[in-house]
Structures are given as structure tokens and as C-alpha cells.
Amino acid sequence: MGYDIRKVAVLGAGVMGQGIAAHLANAGIPSVLFDILPRDGGDRRKIAKDGILNAQKSKPAVFYKADDARLVTPANYDDDAGLLAECDLIIEVVVENLNVKKKVYEWVAANRKPGSIVSSNTSGIKLADMAASMSDELRAHFLVTHFFNPVRYMRLLELVAGPDTSAEVLAAVARFGERVLGKGIVYGKDTPNFVANRVGTFGILSVFENMGKFGLSVDEIDTIFGSAMGRPSSAVFRTADLVGLDTLDHVFGNVLNNAHDDEARERFVSPPWLKQMISEGSLGGKTGKGFYLKSKDENGKTVILFRDVTTGEYKPTGKPRFPSLGAAKKKETSGEKVATVIAGDDAAAKCAWAVTAETLIYSANRLPEIADDVVNIDRGMRWGFAWDLGPFETWDAIGVRASVARMEADGLTVTPWVKAMLDAGRESFYGRDADGVKTYWDPATASAKPVPGSDGWLFLSEVKLKRGALKTNDSASLLDLGDGVLGLQFHSKMNALDEGIITLYNEAMDELDAGRWEALVVGNQGGTAFSAGANLFVVAMMALNEQWDELSRMISGLQMTVQRALYSRRPIVTAPWGLTLGGGLEVAMQASACQAAGELYCGLVEVGVGVIPAGGGCKEMLGRYLGDIPEGTAYDPNPFVQAAFKNIALAHVATSAEEARAIGYLRPSDRVTMDPDALIQDAKNLAIGLVTAGYKPRRPRRFKLPGPSGRAAIELFLYQMHKGGYATGHDVTVGKKLAYIMTGGDIPSGHVVDEQHILDLEREAFLSLCGDPNTQARIQHMLETGKPLRN
């Protein structure tokens, strides 16, 4: 039986239910959000409606666009049971109480359509207990779908099938979770806390136990177990505050009470100081006080305090420094950073080693209890806890044989299968076979197996490893993506645009024009940015040294490159993701098509450093607002020009691909990929599709612009912003330059101009502003501090 999931029911309008419904909406999937009747009468769907409103107000946003909430229908169990039969997937997200869940499943059984899939988002109740009283047909369609909070931002989706769960049902939900929702699928087993929480909470307990041994405070621990150890900035105690200390205690207790064969079970007990915090109501972010407390100093300035767990007092956070962490900052990769920290001799290094050693052994001991292989555990920790490297990837990075010897010298008992792997001559958990295929060590068969992956994934690192780079420089590489598609990969710092990237982009287009390739994909992977914009250091040096001719040639080069890409005879598809700012967005916008990641943070933000977009950004925004108006239509260009101006002048940053589409950074025809690992493959598929369909470039556009009369209205807006204290004097200067470009310069009202006219105005304004001392001060401040200057 085929399963086509088009509509979903979410049972429970709490925080998790809200997040799941919102993310379904992000993917364009309508849902029905059910909850109980309010106890005080009134609106019978109030609880579900309030849940949707809370989701719309959530920070960070859980919806890609606030109006996507229209895809979520509020409902109650009593009046709207008939809506359940319209749903192909039913996700239960009610309170973690087995009796309550069983009552919900009785209601589901009475109202669902046959063949619909039912799942639980439980994090602690056994699937077997929930399914015990279900019919055979329902058990075949039942499984656990454990989302992580916040659902939009945490990639992990753990799937747990029961002995009666249909293989087709499991495959359908995995496919839906990965391709439609963009989730990373980890297959767990029906064990306490499943995969990521089982390993992650042990790691937290190990920190709790070891911090006292090495005399470390809360803020010191979070400094140690942050970026230096390849962990997120929330580290340990900030993460605990986000999760909630009562929730953490409950998760500990779930292992203590139910994982009877876990050798570390007795350690899953909250320390007395954590119990004290829970009893006094200091539960973290939801109560405003936990391991951290936001307060005011004597001058009324907001300060962050951390809790001394021995005294219960709150103290000002500092900037803890340790030699081992300082040494790690000089390393490039996460693996090198971790290896450097644990090799140190200070308290941070000793604590980091103690926690790491215990956590690695604990992870190895969990196979095959919680998962079948090291891959699922590593992915669980990367996707669910935002670790750069999973436990076994970390173990490889620090050297398995050497670290095992160190563990045993410390009196630790290393998992037998790990030592057996070493005895078999395998030095790492991951490796390559003779054909270059990535493998992992499978302890069950004592052999290497190919690392499983999705058919929709394409990794540029794998392409480089197998085929090498066709051409490369310090900033970019040309790659053969297969099927006649060429790839341009950026790899400068933050993928900032520079001469190396522009040179190779033009060489790639030379290859297309020569007919040696059918299409080009522009994209990259890893880090945090598709491109953070132009290389400000180069711009600053040219401006400070008054190298105006060189700067002009650089801007002209960028403009000609992206114009060439936009009107290429063969399709060019850009694949932006993450931070895509300034010049990076100009590159992404000016191509045949764009295949964007759902998590896209993009904007033309040049005004923040006192300049304007000069790589075609102004021109392209005019094109997005004016370019598709049919010829011969009588219209006033002012509203369109003003809207485009405001997006640039206010440095409006879209926080999702769909918001970018609403602003105009993406075209209505541009595509969105939810799964980040599928982005390059989807972009390649789009490029091939354009070729197959007989791609023809669009014709250059012309714009009817208002000239000085339209500029006057914009300058009035700037005057009001300045008078209201929302814009500085230099903001107004920059704004007037931008207004001059967007209205076409000194042309008659309603005059039609071509794209080159706007590009010339961009370049002239950019050069003029680069000579302004206020702009130079802003650029210098940004380079030194990473923060904008208000002058």
C-alpha cells in the first residue's frame, strides 16, 4: 500500500504540538490541531486557537511566515472528531501519562480512517505499552515519531517501530520526515529516552559529577563545553535552562527506573543541588531563573548572573580563560579543537577529558541496545544536540588506539567490541573501502559496512574525494557533479566574495559557453553561510588607500559576472542557505533559477556599513517589483519603487526562504528544499530539468521609474526617520544615495531605463560612499568588532 501524506492531525496544542503543526505549515502541509474543551466554557476551540497564537508569537519564529498559521485548523476532540478522518498521519503529542495516551488512542481508533498512520511523540513511554490494547490493524500503522524542540530548528526526528509496525509505514514516515519536513532520520529502539537523549543526558550527568572534582563553576563549564569542544554555545547549563530543570530530572528518572541493564543506571540521579533548585521553582527559562539569571546592576544595565551550585547564590558571569581552550581556538576543525583541549594540563582539559572518555565508552556500551550502529548514534547527537561531531566521530578525531590506552591507564573499562575492532586492525570507526566508499565498523558482524544515506543527498566533499577538483584556488573550486552539470563551490572564510570566487565563476561560465557542460550549480556546504557578502577587508583597504580605479574595476567585475550569470545561455542554478547577505544574496538572486534551503537568512544589508548594494542588488530588487508588469500597462511606479527601497534601506533580513519569497529575494518560481543535505542534489536536478525542457534565458528588463518627483517622497520618509531618532545623519546620506538609484537618477518622471543604467548608478554611489569618512569608520568598526556602528 502506498502512503501519500497530504494532511496531518496533531493531538495536543502544547509547545511541542504547536511546533509540529507550525513546521508542517512551513512545509506546506495543512494540519488540524486538536485539544480538549476549555474548562471555563466560552469558545470551545480556545485551547487550540491559543496554541496557534502562541506559535505565531514565538521567538525565535516557529513559522517561516506568520500567515502560514492559516494552514493550521484549530479543533477540539468533542466537536471536530470528523476532521480526523481527513488526515493521513495522526501525531499524538499529549501529556506523558500512559493512561491519558490510551484514552486518546481509543478516540483515534473510533474516528480515524482505515490505513491512516498514527504516531506518538513520546520521549519516555515504551511503544509496547502504548500499543498493548490496540487492534492489529492499528498496531501495524503505529510508531514513535520523536521530534526535538524547537521543531523547526532541531533537525533530528527519531523513529521507533514496534514489532508489528509495517515496514511500509516506517518507510513512508521516514520519507515524509526527510524529504517533506527536512528532518534527519535516526532509527532508535523501544528503550528509555531512545537515542540522543540517552547519550546526551549521560554526558550532562558526567559534567555534573566532574565539575566538582575539578573545582569548576557553571560559567566555566559552559565555556569549556561550547565551541572549543564542538558543541553549541548553549553548552551544558544554558541547554538545561532551555529544556527545563524539572524536565531534565524526569529524563534522568526515566533511565533510572526503566533501563535495568544499563551499567550506569544508578548514576542517573539528580544531584542534591539540582533537586534544591527544582523544589524552589528555579526551573530555567520558563520560570526566569535557573542556572542563569538575568538581572540589573546598580546602573540599570542588564547583566547575566550564574548560580554557584554549592551556595545557591548568583554571581556575575566573567570570561573564563584556560590555556587549553586558547590553544584550541587556533585549530581549524572541530576534531582538532577537541584533541587539543583534552591534551592540555589545566582544569578545563582534565574535566573535558574525563567527561569525553566516559561519554565515549557509554555510547559504545549502548550498541546494540538503543540503535543498531554507530551512525545512528552519531547522527542523533549531531542533529538532536547540535554537536559538530558525534561520539564515534569524536573518538576517531582524537585517535581511537591512543585514547583507549589513556582510558585504561585511568582505570576505565573500555567496551570490548571497541578493543576487538582495534585487534582486527581497524584503527577508526569510519573509513573508506577500496572504491572510496565511506564505511563504518559494525560490531555485530565485526566488519565494515557502507554508511547509509539518502538517494537525495549529494555531498561536495565526497565529489572532491572521488573525482578531485577540476580547477581550484584559495576561495573556490570547480567540480564535476555528474550528468553534465558543473559545480562552483565557495570555500573562502565565511564564503565571502573575493577575486578568487569571481575569477572561477567566470571560468565556469566560459566552460558553459564552450558547450563542455550543460548547466552550472553554484553552492557550498558546511559552516554557517552560503556567503556573508563581499570581503570587507579588501574594500576597506582600497578605500583607505584611495585606490578608486581598482575599486571601480572590482565592482564592475562583480556586476558583469552576475549579469552574465543571469542571462547565461545555459542554465545556472544557485543554492543559497544559512547566512546569505549582501553580495552573497546578489549572487544568489542573479541566475537562471534558485534552489534555496528552507532555513535561509538573507538580506541586502550593505547600509549597515554605510554603503549600498552595488553588485546588481538595487537593480534586481527593481526587477522583482517592476520587471514582470506586462508591457503597455499603465501604472504608477512609486509604490513599487518605495517598497523595494525600504527593504534595502532598512536592511530587511528574511529569516526563512518563504519570507524571502514574500520580500522578493526569491522569485515565485524559485524552489525550496527542506532537507539541507539534499540542497545540492535538488539544485542539480533543477538544472537538468531546465536543460531537458529546452532552457532559454529571459530577455533583459527595462524599468519605468519616477525620477526626482518620486525621490522627494522617499526623502521625506528619510527626514521623518531622522527626526524620530530612527536614523542617524549618515543613514540619511546613504538613504539619499539609494533613493537616487532606485528612482532612476535625474530622469523625467515615468522614463524607461535599462538595467545597465541602474548598475552604473549603483557603482557611482558605492564609490562615493566609500570615500565618506563616516562610511570608512563604519567599515573599520565592523572589521574590528563584528558589530555595526551608529554614526
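The largest nonpolar core of the predicted model holds 95 residues, and Tyr665 and Met742 make the most contacts inside it. A nonpolar core here is a set of buried Ala, Val, Leu, Ile, Met, Phe, Trp, Tyr and Cys residues joined through side-chain atoms within 4.5 Å. Buried means under 20% relative accessible area (1.4 Å probe, protein chains only). Helix 20 (residues 499-513) supplies the largest share of this core, seven residues. A second, separate core of 80 residues includes Val236, Phe237, Phe392 and Val414.

Tyr665 has contacts (heavy atoms within 4.5 Å) with residues including Leu585, Met589, Cys602, Met621, Arg624 and His652, leaving aside residues up to four places away in sequence.

This is a predicted model, in which local features need pLDDT of at least 70, side-chain atom pairs count only at pLDDT 80 or more, and totals for chains, interfaces and linings use all residues. Residues are numbered from 1 along each chain as its sequence is written, and side-chain values use heavy atoms, without hydrogens and water.

Helices (H or I, at least four residues) and strands (E, at least two) are DSSP runs, numbered from the N terminus. Helix 6 (residues 167-180) has 14 residues, which at 1.5 Å a residue should span 20 Å; the end C-alpha atoms are 19 Å apart, in agreement. The expected span is 1.5 Å times one less than the number of residues. Buried residues of helix 6 include Val169, Ala172, Val173 and Phe176. Gly182, with a positive phi near 75°, follows helix 6.

Strands pair if DSSP finds at least two bridges between them. Strand 10 (residues 302-307) and strand 11 pair over three bridges. Phe306 stands opposite Lys315 in strand 11.

Conventions. Buried < 20%, exposed > 50% of the residue type's maximum accessible area, 1.4 Å probe, protein only.
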